[in-house]
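Here are my notes on this model, as numbered points. Please read them with the structure open.

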Amino acid sequence: MEWLKTHRNDAILIAALLLVAGVLALWLGLTRRAGGVARVQIDGETVLELPLSQDARVELGEPGHGNLLIIENGTARVERADCPDQVCVRQGAVRYNGESIVCLPHRLIVSIEGGVENGVDGSTG
């Protein structure tokens with residue numbers, strides 16, 4: 001109780017930050033939408049657009065310099081890559097509009113686009 005008396009402003013600041021963080025997390029959770037298409041770009045050029053509603057296994061690139069893209073259960077992920085750092089593999093699955101997987105050594109970008117609105121928007125009125 002003594003700590004609260006001497007650090008009242010600190011406690012108010014911590015409570016306000018927790019409240020703001022909670023509101024922001026709730027807003028982000030309610031306004032994001034699942035994507036409809038995985039757009040695959042290599043060297044900045046779109047080479048494929050795959051619907052997330054259909055499962056697929058796609059080899060991208062060439063032998064010794066490629067990636068294996070898996071589309072399943074409404075998500076896209078890179079399962080295998082021939083690059084040394086494996087960042088794209090460790091990224092995991094993406095499903096929401098605006099998320100992406102990037103493999104810099106292979107100049108590969110898999111971005112999620114489109115999808116259905118969830119009925120909640122970020123504006124008030």
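1. Start with the pair Glu-113 and Arg-39. The two form a salt bridge, with the closest N and O atoms 3.0 Å apart. Glu-113 sits in strand β7 (residues 108-113) and Arg-39 in strand β1 (residues 37-42), so the bridge ties together parts that are 74 residues apart in sequence. Keep in mind that this is a predicted model.

2. How exposed are these two partners? Glu-113 is partly exposed, at a relative accessible area of 27%. Arg-39 also counts as partly exposed, with 24% relative accessibility.

3. Now take Arg-107 and Asp-43. They form a salt bridge too, and here the closest N and O atoms are 3.7 Å apart. Arg-107 lies in the loop between β6 (100-103) and β7, while Asp-43 lies in the loop between β1 and β2 (45-51), so this pair ties together parts 64 residues apart in sequence. Both Arg-107 and Asp-43 are exposed.

4. Glu-59 and Arg-80 are another pair to check. Their side chains meet in a salt bridge, 2.4 Å from N to O. The bridge links distant parts of the chain: Glu-59 belongs to strand β3 (residues 56-62) and Arg-80 to strand β5 (residues 75-81), 21 residues apart. Glu-59 counts as exposed, at 54% relative accessibility. Arg-80 is partly exposed, with a relative accessible area of 34%.

5. Altogether the count comes to six salt bridges, taking a side-chain nitrogen of Lys or Arg within 4 Å of a carboxyl oxygen of Asp or Glu.

6. Turn to the nonpolar surface. Leu-24, Trp-27 and Leu-28 form a nonpolar patch there, and together they have about 300 Å² of accessible area. Leu-28 is found in helix α2 (residues 8-31). Its relative accessible area is 44%, so Leu-28 is partly exposed.

7. Next, the overall layout. The protein chain has three helices and seven strands. From the N terminus on, the order of elements is α-α-β-β-β-β-β-α-β-β.

8. Last, the figures for the whole chain. Of the 125 residues in the protein chain, 22% are buried. The accessible surface comes to about 8,500 Å², and carbon and sulfur atoms account for 57% of that surface. Among contacts between residues at least 6 apart in sequence, 37% join residues at least 24 apart.

Technical notes:
Residues numbered from 1 in each chain as written. Predicted model: local features only at pLDDT ≥ 70, side-chain atom pairs only at ≥ 80, totals over all residues. Heavy atoms only, no water. Patch = residues over 30% accessible without salt bridge, like charges linked within 9 Å, V, L, I, M, F, W, Y side chains within 5 Å. Areas by Shrake-Rupley, 256 points an atom, 1.4 Å probe, with all protein chains shown as cover. Helix = DSSP H or I, 4+ residues; strand = E, 2+ residues; numbered from the N terminus. Buried < 20%, exposed > 50% of the residue type's maximum accessible area, 1.4 Å probe, protein only. Contact = heavy atoms within 4.5 Å.
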